[in-house]
Amino acid sequence: MKKYVIDLRVLSNQRLGERYTLMRLTSDQQLPDMLPGQFAELRIDGSPSTFLRRPISINFLDRERNEVWFLIAMVGEGTSRLASLRMGDFLNCVIPLGNGFSMPLSNDEHVLLVGGGVGVAPLLFMGDALRRMGCQPTFLLGARKAADLVMLDHFRQYGRVLLTTEDGSMGEQGFVTDHSVLINERFHRICTCGPKPMMMAVAKYAKAHDIFCEVSLENMMACGLGACLCCVEKTKDGNVCVCKQGPVLNINQLLWPI
C-alpha cells in the first residue's frame, strides 16, 4: 500500500482520563486508504530532546468526514507534545504504515477483539470494518482500573463490549484472559493488541482452543520503514521488521512459548 508524507490539521485534541488524549485530524485532500491495524509515524516539533517520530496506531478512519483519529497515551516528552497540539495546528505524518489485521472469510464468524491499555486503539477501526461486512464483533477490553478504560461509547457503536479491571472497579475483576466469556463462548477468530504479557496470554488461550489469532506487536519502532532494524522480531521464518512486515502477525509465526 502506498505511503504518504502529509501535513494533517488538528480538529480536536480531547483529554480522556488521566493518561490519554484523542486527536482528530483532517486534510484538505482526500485521506489515503488505510487498514485496521496499520499505524502512522508522527513528527514531534518544538522539542529539543525528541528527534524521532512516534509510531501511533490508527484508531479510526471516518471516511464521510475525512478524519483520522489517534488515541495517544502520554508516557514521555514526545507523546506529551502531541497531546498539547490545539485545533488548527498541523501535524506531519507518514501514513499508512505496516500491515493490518486480516478480515474474516465470512460474516458469520464469531470474532473477539481483545485490547489492553492503549492497545485498544486499533480495535475500534477493526470493529468498524467488521460491522461494515456484516460481522458482529465482541470487544474484550482490560485496564488496571475503571478510569483507564476509554472510548467505551465508541466501541459500543460497533459491537458488544466486555470489560475487566485488575482492581474490580468496572467489569469482571482480573485480566482479560480471566473473563468468563472465554469459558462460556466459542470464537472463530481473535485479534489482540496491548502489553506483550497480555497478548502472550491471549495467544496461549487461542492456541489451546485452536482459534485463528493475530497480534499487533508494539516493538520499539524508529523509522517505520524497515531501515533501522530496531523493531526486529524473531519468527519461525527468521527475523522480521515489525514496522514493515507487521505490526500484525499470526501467532503461528511467532516463537512465543505458547
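## Sheet architecture and salt bridges

Seven strands form an open sheet with the order 11-10-9-8-12-13-16 and mixed pairing. Strand 11 (172-173) and strand 16 (248-250) stand at its edges, each with a single partner strand, so one side of each has no neighbour in the sheet. The model described here is predicted.

Within this sheet, strand 12 (residues 189-193) and strand 13 (residues 212-216) pair in the parallel sense over 5 bridges. Cys193 has Ser216 in strand 13 as its bridge partner. Helix 2 (residues 121-132) packs on the sheet, where it touches strand 8 (111-116), strand 9 (138-143) and strand 12. The direction of helix 2 makes about 165 degrees with that of strand 8. Helix 5 (residues 196-208) lies across strand 8, strand 12 and strand 13, and runs at about 170 degrees to strand 12.

The structure holds 13 salt bridges, including the pairs tabulated below.

| Pair | Closest N to O distance | Separation in the chain |
|---|---|---|
| Glu18 and Lys145 | 3.7 Å | 127 residues |
| Arg160 and Glu185 | 2.9 Å | 25 residues |

Glu18 lies in the loop between strand 1 (4-16) and strand 2 (20-26), and Lys145 in the loop between strand 9 and helix 3 (152-156). Glu67 counts as buried because its relative accessibility, 5%, falls under 20%, whereas Arg24 is partly exposed at 22%. Arg160 is in strand 10 (residues 160-165), while Glu185 occupies the loop between helix 4 (181-184) and strand 12.

Notes:
Residues numbered from 1 in each chain as written. Predicted model: local features only at pLDDT ≥ 70, side-chain atom pairs only at ≥ 80, totals over all residues. Heavy atoms only, no water. Pairing = 2+ DSSP bridges. Helix = DSSP H or I, 4+ residues; strand = E, 2+ residues; numbered from the N terminus. Contact = heavy atoms within 4.5 Å. Axes fitted to C-alpha atoms, helices over the stretch in contact; angles between N-to-C directions. Salt bridge = Lys/Arg side-chain N within 4 Å of Asp/Glu carboxyl O. Buried < 20%, exposed > 50% of the residue type's maximum accessible area, 1.4 Å probe, protein only.
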